[in-house]
Amino acid sequence: MSVEEQLNDVLSRIQDSETHYGREAGSVALVAVSKTFDAEDIRPAINAGQRIFGENRVQEAQGKWPELKAETPDLELHLIGPLQSNKAADAVALFDVIETIDREKIARAIATEITRQGKPVRLYVQVNTGLEPQKAGIVPDETVAFVTLCRNEIGIPVEGLMCIPPADENPGPHFALLAKLAERCGLDKLSMGMSGDFETAVQFGATSVRVGSAIFGTR
Ligand SMILES: *Cc1c(COP(=O)(O)O)cnc(C)c1O
């Protein structure tokens, strides 16, 4: 299948899941994850109407998105990979949404750049729901305090929470935990679900799903 066909297939599966799980039609946004793919692989998805994309590396994204954004100004680019504070300026300049805020140092660096560049960037806090040592994200027990710190002390608005469940576990309990933490924080946006589990994520309240290989093919 072409990228356009696979994109439409994913979109119709999202719609079916919304109906099946009693979610409002159109309440789940698709973030098309284009990491490792070139501008020429991504253009068919843009031409088919997709506007929200996700990348996991700042430097890789800098090599393709300035050109694609110039061609199609209403694109929305999400950073979904780990962020180092020395990349904060570049990340704020290029991305519209940063989904991987997970520690005070990064939150402060992003806050400084948002002010310095005068660029509004929407932010999500990444939660390490599986307590995996190799994975980024704040631990669940510290999430409410961290979101409060971001809001009240650092002065950045947090829009929602994001998680990547352990690859070898049933994702449902992780999605449920993220939803519960978001509710405690007074947040209503949940970025969760990938190619293998986005329908389950819709069931548990995802407001955006991040889908790569089901659209662009295996990496
Ligand atoms: C790569 C990636 C995705 C997409 O994964 P697929 O299994 O290809 O759909 C989603 N979220 C994050 C954080 C990723 O790095």
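Reader: Why does Phe53 count as buried?

Author: This is a predicted model, and the values are computed from it. Phe53 has 0% relative accessibility. Buried means under 20%, so Phe53 counts as buried.

Reader: What makes Trp65 buried as well?

Author: The relative accessible area of Trp65 is 1%. The limit for the term is under 20%, and Trp65 is therefore buried.

Reader: Why is the aromatic pair of Phe53 and Trp65 called tilted?

Author: A pair of aromatic rings is described by the distance of the centres and the angle of the planes. By the rule applied, the count comes to 2 aromatic pairs. In the pair of Phe53 and Trp65, the centres are 5.0 Å apart and the planes stand at 45°. Centres within 6.5 Å make a pair, while planes under 30 degrees apart would be stacked and over 60 edge-to-face. The angle of 45° leaves the term tilted for Phe53 and Trp65. This pair links distant parts of the chain, 12 residues apart: Phe53 belongs to strand 2 (residues 52-55) and Trp65 to helix 4 (residues 65-71).

Reader: Which residues of helix 7 and helix 8 meet, and how do they divide?

Author: From helix 7, Thr143, Val144, Val147 and Arg151 meet Leu181, Arg184 and Cys185 of helix 8. The residues of this contact comprise 4 nonpolar, 1 polar and 2 charged.

Reader: How do helix 6 and helix 7 cross, and which residues meet there?

Author: The axes of helix 6 (residues 104-117) and helix 7 cross at roughly 35° and come within 11 Å. This crossing, too, is right-handed. Glu104, Ala107, Arg108 and Ala111 in helix 6 are in contact with Phe146, Leu149, Cys150, Glu153 and Ile154 in helix 7. The division is 6 nonpolar, no polar and 3 charged.

Reader: Why does Ala167 count as exposed?

Author: Ala167 has 82% relative accessibility. Exposed means over 50%, so Ala167 counts as exposed. Its place is in the loop between strand 6 (160-163) and helix 8. The C-alpha atoms of Ala167 and Gly130 are separated by 9.7 Å, and the two residues are 37 residues apart along the chain.

Technical notes. Residues are numbered from 1 along each chain as its sequence is written. This is a predicted model: local features need pLDDT of at least 70, side-chain atom pairs count only at pLDDT 80 or more; totals for chains, interfaces and linings use all residues. Side-chain values use heavy atoms; hydrogens and water are left out. Contact means heavy atoms within 4.5 Å. Helices (H or I, at least four residues) and strands (E, at least two) are DSSP runs, numbered from the N terminus. Ala, Val, Leu, Ile, Met, Phe, Trp, Tyr, Cys and Pro count as nonpolar, Asp, Glu, Lys and Arg as charged, and the others, Gly among them, as polar. Rings of Phe, Tyr and Trp (its six-membered ring) pair if their centres lie within 6.5 Å; planes under 30 degrees apart count as stacked, over 60 as edge-to-face and the rest as tilted. Buried means under 20% relative accessible area, exposed over 50%, partly exposed in between (1.4 Å probe, protein chains only). Axes are lines fitted to C-alpha atoms, for helices over the stretch in contact, and angles run from 0 to 180 degrees between N-to-C directions. A crossing is left-handed if the near helix is turned anticlockwise from the far one by less than a right angle, and right-handed if clockwise.
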